[in-house]
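Please keep the sequence and the 3D view at hand while reading.

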Amino acid sequence: MNLPSSPAAPLLGRRTLDRVPPALRPAVDPGDLRPRVVHFGLGAFHRAHQARYTETAAARSGEPWGTVVVAPRSTGTADALRSQDCLYSITELRPEGTVTRVSGAIVDALGMRPDAARIDGLLASPDVCVVSLTITEKGYHRRPDSGALDTAAPGVAADLAAGGTGVLTTVIGRVAAGLAARMRSGGAPVSVVSCDNMAANGAALGRVVRDFVEAAPWPDRQAVLDWMATSVTFPSTIVDRIVPATTDADRRAAQAALGVHDALPVVGEPYRQWVLEDSFAGPRPPWQLDGALFVPDVVPYQLTKLRMLNGCHSALAYAGAAAGCTTIADTLATDWGERLVRALCTEIAPTLPAGGPAPAAYAEGLVQRFRNPGVRHLLRQIGSDGSLKIPERWLDALRELRAASAATPVLELALAAWANATRPGGDGGQLFGTTDPAAAALHRCWRDGTGSAAEDTVRRLLHALGAADLAEDNALTTAVAARLPALRAGRIEV
Ligand code: CS2
């Protein structure tokens with residue numbers, strides 16, 4: 001039975017903190033912190049990852065690094081967080097049991113639309129020197145072919161039509177407007193840090209923010225661009241921690257550990273890592289005090305993580321769905337799961353630049369992390385937004401390998417598993433319950449067109465991903481199509 005935890009217990013907050021066992025209380029008193037970091041996206045991942053690093057950095061340095069979190073769309077989580085004085089718990093899901101602790105990293109929680117003026121004020125304040133983002137791949141509104149800002153995307157077009165000021169709907173518009181406000185009020189340097197799973201995520205973010213400024217009807221937009229060139233950096237980063245969606249069982253367990261009711265607990269695996277490009281424009285939290293790594297070039301780490309961890313995640317998500325599994329741990333318990341992880345890692349290893357983690361040891365680590373029975377990471381969660389994730393995770397590696405005439409059987413299997421999962425389900429959604437902003441276009445790939453052969457469908461699907469080059473690779477589309485019957489029958493042949 002999945003009963004929610006009892007809201008009748010006193011709510012977590014500053015006044016009830018004395019009921020929480022001392023060892024589980026925050027490492028810092030949020031009252032001692034100041035707003036110095038503004039973070040867009042207050043999902044579980046930020047709260048379990050960057051917020052954790054920032055809290056430790058503040059605690060160990062004694063510097064007042066507090067984070068103001070901004071909810072881009074709904075204000076429900078921000079309101080709920082504020083009603084707990086921005087305190088929430090993090091539970092580490094260790095194979096042998098759980099460890100829960102309250103985090104005090106967050107000093108305020110705002111809604112992007114209702115609090116637009118406050119956010120601009122914060123972004124303009126010289127006290128704030130880091131702006132970070134976890135808004136998922138779709139929050140960047142990049143054109144799949146060029147990576148430029150898609151100014152025709154409805155949210156972006158609406159923000160530009162609104163003059164790029166006031167209440168905006170996209171984070172990219174809000175960040176651009178905030179940077180303009182910062183330049184106009186003194187222009188203290190600032191670092192804007194993407195924490196989303198994209199190759200060269202710093203450059204990708206810098207590009208769309210600059211594109212927004214260029215398209216905005218501001219008379220001083222050229223001055224904003226010139227100032228950005230000298231005073232704003234967009235360091236690339238690799239964030240890593242497996243953070244499954246919180247369940248009612250997690251909420252009950254957090255309440256049992258804390259003795260108070262936490263409406264917003266997060267859970268995550270014990271492992272966490274953060275690698276950052278050492279190119280900050282001004283002061284930043286000393287995240288290295290919590291193990292973050294600052295390096296001159298993040299590319300080897302970034303591609304290893306994207307192609308190995310995230311690449312395997314997506315492959316397991318779609319293959320696992322075909323085989324009737326629910327979680328990543330379920331797939332690792334099959335007779336093909338571990339083989340798929342190891343084979344995909346071996347296949348893509350030659351595409352990884354030197355200087356990152358050793359591929360074989362990394363693959364071994366993945367098998368251990370994915371096996372963790374305490375982590376209920378739903379394949380549905382990982383499989384969602386595939387049209388935006390797959391190009392980052394698989395397609396560049398596939399291009400490189402095919403250009404070198406290397407065999408790519410595992411990436412072909414992965415692509416076929418994704419294709420299989422894009423079939424329309426009975427309820428009009430995607431077959432296995434995943435969601436995708438391109439779902440309607442993907443469904444059409446199964447219906448439209450002149451040819452009915454599976455190769456044609458695969459070709460159309462690759463076009464829908466913006467991969468026209470791969471769509472024209474007949475050997476690839478034939479190999480992918482040949483995998484579909486087994487997948488339809490729930491057989492994973494690695
Ligand atoms: C996952 C990631 O949902 C997904 O697509 O692959 O969220 C993954 O768990 C994290 O990147 C791990 O750091």
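## Two domains

The centres of domain 1 and domain 2, taken over C-alpha atoms, are separated by 29 Å. Domain 1 covers residues 14-295 and domain 2 covers residues 299-488; these bounds come from an automatic or database domain assignment. Across the boundary, 28 residues of domain 1 are in contact with 26 residues of domain 2, where contact means heavy atoms within 4.5 Å.

The model is predicted: local features need pLDDT of at least 70, side-chain atom pairs count only at pLDDT 80 or more, and totals for chains, interfaces and linings use all residues. Residues are numbered from 1 along each chain as its sequence is written, and side-chain values use heavy atoms, with hydrogens and water left out.

## Nonpolar cores

A nonpolar core is a set of buried Ala, Val, Leu, Ile, Met, Phe, Trp, Tyr and Cys residues joined through side-chain atoms within 4.5 Å. Buried means under 20% relative accessible area, exposed means over 50%, and partly exposed lies in between (1.4 Å probe, protein chains only). The largest nonpolar core has 63 residues, of which Val341, Leu366, Phe370, Trp394, Leu395 and Trp418 touch the most other members. Both domain 1 and domain 2 supply at least three residues each to this core.

Leu366 touches Met308, Leu309, Cys312, Val341 and Cys345, when residues up to four places away in sequence are not counted. Another core lies apart from this one; it has 44 residues, including Phe40, Leu160, Leu168 and Val232.

## The ligand and its shell

How many residues surround the ligand? There are 13, and the closest are Asp240, Lys305, His313, Lys389 and Arg393; a residue is near a molecule if one of its heavy atoms lies within 4 Å of it.

Taken alone, the ligand exposes 340 Å², and the protein buries 90% of that; accessible areas come from the Shrake-Rupley method with a 1.4 Å probe. Strand S9 (237-240), helix H10 (299-322) and helix H15 (386-403) are the elements that give two or more residues to the shell. H10 provides the largest share, four residues. Helices (H or I, at least four residues) and strands (E, at least two) are DSSP runs, numbered from the N terminus.

In helix H4 (residues 116-124), the buried residues are Ala116, Ile119, Asp120, Leu122, Leu123 and Ala124. They pack against strand S1 (34-40), strand S2 (65-71), strand S5 (106-111), S6 and helix H6 (171-184).

Most residues other than glycine have a negative phi. Thr136, however, has a positive phi near 65° and lies in the loop between strand S6 (130-133) and helix H5 (154-161). Asp385 also has a positive phi, near 60°, and is placed in the loop between helix H14 (379-383) and H15. Is each of these residues buried, exposed or partly exposed? Thr136 counts as partly exposed because its relative accessibility is 35%, whereas Asp385 counts as buried because its relative accessibility is 9%.
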